[in-house]
Amino acid sequence: MDPATRRRRAALFLFFLIPGLSISSWVTRTPDIRDRLDVSTAQMGIVLFGLSVGSMIGILSSGTLVARFGTRPVMGAATMLIILSMAVIGLGTMLSSAQVTTAGLFLFGAGMGGGEVAINIDGADVEQITGRTVLPTLHGFFSLGTVVGAALGILCTAVSFPVQWHLTAMAAVTAAMFVYAFRSIPHGVGKTRDDGSQSDASTTQAPVRVWKDPRLLLIGGVILAMALAEGSANDWLPLLMVDGHGVDPALGSAVYTGFAAAMTIGRFAGGFLIDRLGRAPVVRASAICATFGIAVVVFADSAALAGAAVLLWGLGASLGFPVTLSAAGDSGPNSAARVSLVAMIGYVAFLVGPPCLGFLGDHYGLRVAMIVVLAFTAVAIILAPAVGTRSVASAPATEPTAQL
């Protein structure tokens with residue numbers, strides 16, 4: 001690997017680490033944020049709806065923005081939104097303002113939805129250049145960020161450190177990471193248009209062909225289920241343990257840290273497993289593991305047993321996102337378009353699904369609401385063969401000149 005590619009890969013590690021640190025920082029403080037805002041579970045779902053709106057805008061615009069400007073400016077702008085969102089969420093908590101907190105979550109969703117698609121396309125390009133399994137490791141740094149951020153969140157919760165200063169400090173740390181990483185990302189990756197007026201056959205027909213591919217839609221079903229399993233834990237797991245199993249907030253955050261640690265282990269081990277066993281067996285085993293773990297959390301009355309099952313939930317959900325992206329990349333022509341489409345489906349589930357669970361949770365309890373997630377992961381077991389049996393290393397993951 002040449003030095004420029006090595007620096008680029010290291011920069012992508014940081015671009016995955018930043019949203020992981022950020023999301024876990026506010027997720028572990030959700031009990032404190034809810035109390036400061038003085039809202040119910042359903043009202044908290046409305047606050048999280050800002051995340052949904054922002055993520056939808058980011059997701060729906062990301063493919064067009066990457067095609068016109070390339071991955072570098074999209075990644076840069078989106079990451080800056082994530083950094084800014086931490087300060088805004090902290091301000092909303094300090095002011096006890098649900099509106100300001102919702103605005104901060106909107107910024108986070110816009111940055112997460114808009115940037116992660118571009119980062120995945122750039123990571124898939126590195127995977128093609130190096131000929132190595134890269135995406136699971138990159139996503140492993142997102143999970144590593146959630147572990148570190150969750151550990152800091154537990155510490156801040158335990159010592160009653162104010163949420164606003166916690167999130168502001170995280171914004172400062174991630175801003176420094178961003179400045180360091182951004183300079184190593186090359187220009188032009190994913191760029192296919194010099195202006196917004198081009199509408200030749202290659203730009204207008206590619207999306208139709210992608211949407212009509214039955215296998216790609218099945219892959220989209222797998223990523224939808226597995227991303228929902230990950231996103232629901234990221235948004236609701238601390239409150240699920242506090243409200244559903246009666247543990248204190250610090251222990252609820254500790255359980256979430258266990259989930260994040262299991263995700264991290266699964267993703268860093270993923271490349272080894274995929275290269276030797278193939279994608280379909282790994283994804284099926286992951287879906288089975290997640291389904292069993294969620295079932296225990298939902299139906300077991302023992303908080304200790306539920307906490308242990310969360311580890312299975314995390315291991316099961318860990319490889320769904322990166323493996324399905326790789327499967328989408330070599331499922332046919334226009335690889336970047338396929339990666340973009342499947343990534344968008346995944347982020348819709350990751351960012352939009354959890355707020356909807358809040359409304360179910362307010363009426364029936366969060367444990368009952370998680371039955372929806374359980375049903376989706378059970379379906380993913382059936383759909384797993386769609387991701388194919390080839391390892392990621394055996395096929396190119398994307399074509400940087402293709403477009404959605």
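A definition before anything else: I call a residue buried under 20% relative accessible area, exposed over 50%, and partly exposed in between, using a 1.4 Å probe and protein chains only. I'm working from a predicted model, where local features need pLDDT of at least 70, side-chain atom pairs count only at pLDDT 80 or more, and totals for chains, interfaces and linings use all residues. Residues are numbered from 1 along each chain as its sequence is written, and side-chain values use heavy atoms, with hydrogens and water left out.

**Entry: overall build**

I looked up the secondary structure and found 15 helices and 0 strands. Helices here are DSSP runs of H or I with at least four residues, strands are runs of E with at least two, and the numbering goes from the N terminus. Of the 404 residues in the chain, 60% are buried. I also checked contacts, meaning heavy atoms within 4.5 Å. Among those with a separation of 6 or more, 86% join residues 24 or more positions apart.

**Entry: an enclosed helix**

How many residues of helix α13 are buried? I got 10 of the 10 in residues 320-329, so the rest of the structure largely encloses this helix. Among them are Phe321, Pro322, Val323 and Leu325.

**Entry: the core**

I searched for nonpolar cores, which are sets of buried Ala, Val, Leu, Ile, Met, Phe, Trp, Tyr and Cys residues joined through side-chain atoms within 4.5 Å. The largest has 110 residues, and Trp26, Leu237 and Trp313 have the most contacts inside it. Helix α9 (residues 214-245) gives this core its largest share, 16 residues. I then followed Leu237: leaving aside neighbours within four places in sequence, its contacts include Val255, Tyr256, Phe259 and Trp313.

**Entry: salt bridges**

My cut-off is a side-chain nitrogen of Lys or Arg within 4 Å of a carboxyl oxygen of Asp or Glu. The whole structure has 7 such bridges.

- Arg8 pairs with Asp125, with the closest N and O atoms 2.8 Å apart. The two sit 117 residues apart, Arg8 in helix α1 and Asp125 in helix α5. Both Arg8 and Asp125 are buried.
- Arg267 pairs with Glu230 at 3.0 Å between the closest N and O atoms. This bridge links helix α10 to helix α9, and both Arg267 and Glu230 are buried.
- Asp301 meets Arg367 at 3.3 Å, N to O. Asp301 lies in the loop between α11 and α12 and Arg367 in helix α15, so the pair ties together parts 66 residues apart in sequence. Is Asp301 buried or exposed? Asp301 counts as exposed because its relative accessibility is 70%, whereas Arg367 is buried at 18%.

**Entry: the surface**

Accessible areas come from the Shrake-Rupley method with a 1.4 Å probe, and for residues only the protein chains shown count as cover. The chain exposes about 14,200 Å², and carbon and sulfur atoms supply 69% of it.

I checked pLDDT, the predictor's confidence in each residue from 0 to 100. The chain averages 83, and 90% of the residues score at least 70. Residues 195-208 stay under 50, with 13 contacts beyond four places in sequence. Residues 390-404 are also below 50, but the model gives that stretch 63 contacts beyond near neighbours in sequence.
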